[in-house]
Amino acid sequence: MVKGKAPKNFEEAIEELEQIVEQIENDEIKLDIALEKYQLGMQLVKFCQDKLVEVEQKIKILDHDT
């Protein structure tokens, strides 16, 4: 992550993403900080995508076993 700690789980990442989007949409932050938040948001999106792929693979394995 750009700043701060990595999210513990998917839900935490989504919550943080929602906060970032709200801050950027409401013009609550300056442009340079908005850029940092955007970069962090993109990393959170990647984290969420990776988690979804991981879960999808586990589900496929479970479905294959049944």
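Modeller: The model is predicted. The chain has 2 helices and 0 strands. Its radius of gyration is 15 Å, well over the 11 Å that the globule rule gives for 66 residues, so the chain is more spread out than a compact globule. Along the principal axes, the C-alpha atoms fill a box of roughly 55 × 20 × 15 Å. Buried residues account for 15% of the 66 residues.

Now the core. In general, nonpolar side chains tend to be buried together in soluble globular proteins. The largest nonpolar core here has 7 residues. They are Ala 13, Leu 17, Ile 20, Leu 40, Leu 44, Phe 47 and Cys 48. Two elements, α1 (10-25) and α2 (31-65), each give two or more residues to this core. The most come from α2, with 4 residues.

Leaving out residues up to four places away in sequence, Cys 48 touches Phe 10, Ala 13, Ile 14 and Leu 17.

Among contacts between residues at least 6 apart in sequence, 68% join residues at least 24 apart.

Last, the surface and the charges. The accessible surface comes to about 5400 Å², and 56% of that belongs to carbon and sulfur atoms. The chain carries 9 positive and 16 negative side chains. The centres of the two sets lie 7 Å apart.

How values were computed: Residues are numbered from 1 along each chain as its sequence is written. This is a predicted model: local features need pLDDT of at least 70, side-chain atom pairs count only at pLDDT 80 or more; totals for chains, interfaces and linings use all residues. Side-chain values use heavy atoms; hydrogens and water are left out. The radius of gyration is taken over C-alpha atoms; the globule rule is 2.2 Å times the number of residues to the power 0.38. Buried means under 20% relative accessible area, exposed over 50%, partly exposed in between (1.4 Å probe, protein chains only). Contact means heavy atoms within 4.5 Å. Accessible areas come from the Shrake-Rupley method with a 1.4 Å probe; for residues, only the protein chains shown count as cover. Lys and Arg count as positive and Asp and Glu as negative; His and the chain ends are not counted. The place of a charge is taken as NZ of Lys, CZ of Arg, CG of Asp or CD of Glu. A nonpolar core is a set of buried Ala, Val, Leu, Ile, Met, Phe, Trp, Tyr and Cys residues joined through side-chain atoms within 4.5 Å.
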